[in-house]
Amino acid sequence: MPKIGIIYNDIKPIACKTAYQIQEQLLSGGWEVIMATGNGGLLGHSRPGRPVCFTPIEQLIPPGFDTGLSFALILGGDGTVLSAARQLAPLDIPLLAINTGHMGFLTEIYLNQLHSALEQVLLGEYSFECRSTLTVSLYRENALIWEALSLNEVVVHREPLTSMCHFEIQIGHHAPVDIAADGVILSTPTGSTAYALSAGGPVLTPDIPVLQLAPICPHSLASRSLVFSDRETVNIFPATDNEMVMVVDGNGGAYIVSDDRIHIEKSRYTVRFIRLQPPEFFRILREKLGWGLPHIAKPTSVELP
């Protein structure tokens, strides 16, 4: 019996209602349906003075989900998509993301398109778009104490965020550099339209094999965003005695002390998104972020009453 997975945002009534409606429809069509919420992919935050706890990347897979699933439906907003990506990337399951949130930059369709889209997918009339991910590891005294899979970005900053601090960053075999800023962002091309964009970084199309390092409010005209090959590993060392915070995909993370080392590298896992039409990244930029909209000139003269 063919299997389909559903991951949904259980705090949004419309996502819950739709998930169970789809389950009923698929069961009547002879499909086996495995369901889970996006909560299983939430990273959570560590707390100062308490042991750092984490779930290894491969153990975030929801019960019942395996490589035998044909694909998975994701019902929610971008946060649910990010959570589902962490849960299912190790299985290499194709994801069809349905927007029941607000921005929905990572989603493929809206709810009013669900019926026709599901028919198209069940007929196998779709393609894939692969997105790279990062493996983020936190080491303390050479022991791994926290790790996560990231689709968007890794952010390291002080608390409060408005306090400037120093970071020593080494990219690959190159000499370490010192950056003075409120924080630093390391993003994938997928994450280039998220926090990194707000910090002044460039937009990267999803198909190029690069990473981006973007300082947050740098205290130097020389410290600007850097784009480099995703074959390079990155090590971040807090060059200050103040406690810092690392946040992954805006979801969760860990506190960082002065002797810690954050190691980031391209993960062996990718996220495969189902595309119902040829991917058109510039169209998404235009629809979601207003990029490239035609300029409407102001009138050259105004008639006074």
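By the rule used here, the count comes to 1 cavity of 30 Å³ or more. A cavity is a set of points, on a 1 Å grid over the protein atoms alone, where a 1.4 Å probe fits but cannot get out. The largest cavity holds about 60 Å³ of space, a volume being the space filled by probe spheres set on the points, which are joined across faces, edges and corners. This is a predicted model, in which local features need pLDDT of at least 70, side-chain atom pairs count only at pLDDT 80 or more, and totals for chains, interfaces and linings use all residues. Residues are numbered from 1 along each chain as its sequence is written, and side-chain values use heavy atoms, with hydrogens and water left out.

Which residues line the largest cavity? They are Phe105, Leu106, Thr107, Glu108, Arg131, Arg275, Phe281 and Ile284, where lining residues have an atom within 4 Å of a point. By class, this lining has 4 nonpolar, 1 polar and 3 charged residues. Here Ala, Val, Leu, Ile, Met, Phe, Trp, Tyr, Cys and Pro count as nonpolar, Asp, Glu, Lys and Arg as charged, and the others, Gly among them, as polar.

## Asp78 and the annotated sites

UniProt lists Asp78 as "active site" in an unreviewed entry; such annotations may be inferred rather than shown by experiment. Asp78 is found in helix H2 (residues 78-88); helices (H or I, at least four residues) and strands (E, at least two) are DSSP runs, numbered from the N terminus. Apart from neighbours within four places in sequence, Asp78 is in contact with Met103, Gly104, Phe105, Leu106 and Thr107, contact meaning heavy atoms within 4.5 Å.

The unreviewed UniProt entry also gives a "binding site" feature, with Asp78, Gly79, Asn152, Glu153, Asp182 and Asn251 among its positions. The positions of this feature span 174 residues in sequence, with the farthest two C-alpha atoms 25.5 Å apart, so they do not all gather at one spot.

## The open sheet

An open sheet of 6 strands runs in the order S13-S12-S11-S8-S15-S16, with antiparallel pairing; two strands pair if DSSP finds at least two bridges between them. Strands S13 (226-229) and S16 (252-256) stand at the edges with a single partner strand each, so one side of each is left without a neighbour in the sheet.

Strand S8 (residues 153-158) and strand S11 (residues 183-187) run antiparallel and are joined by 5 bridges. Glu153 has Ser187 in S11 as its bridge partner. Asn251 lies in the loop between strand S15 (244-248) and S16.

Conventions
On a 1 Å grid over the protein atoms alone, a cavity is a set of points where a 1.4 Å probe fits but cannot get out, and a pocket is an open set with protein on both sides within 12 Å along at least five of seven lines; lining residues have an atom within 4 Å of a point.
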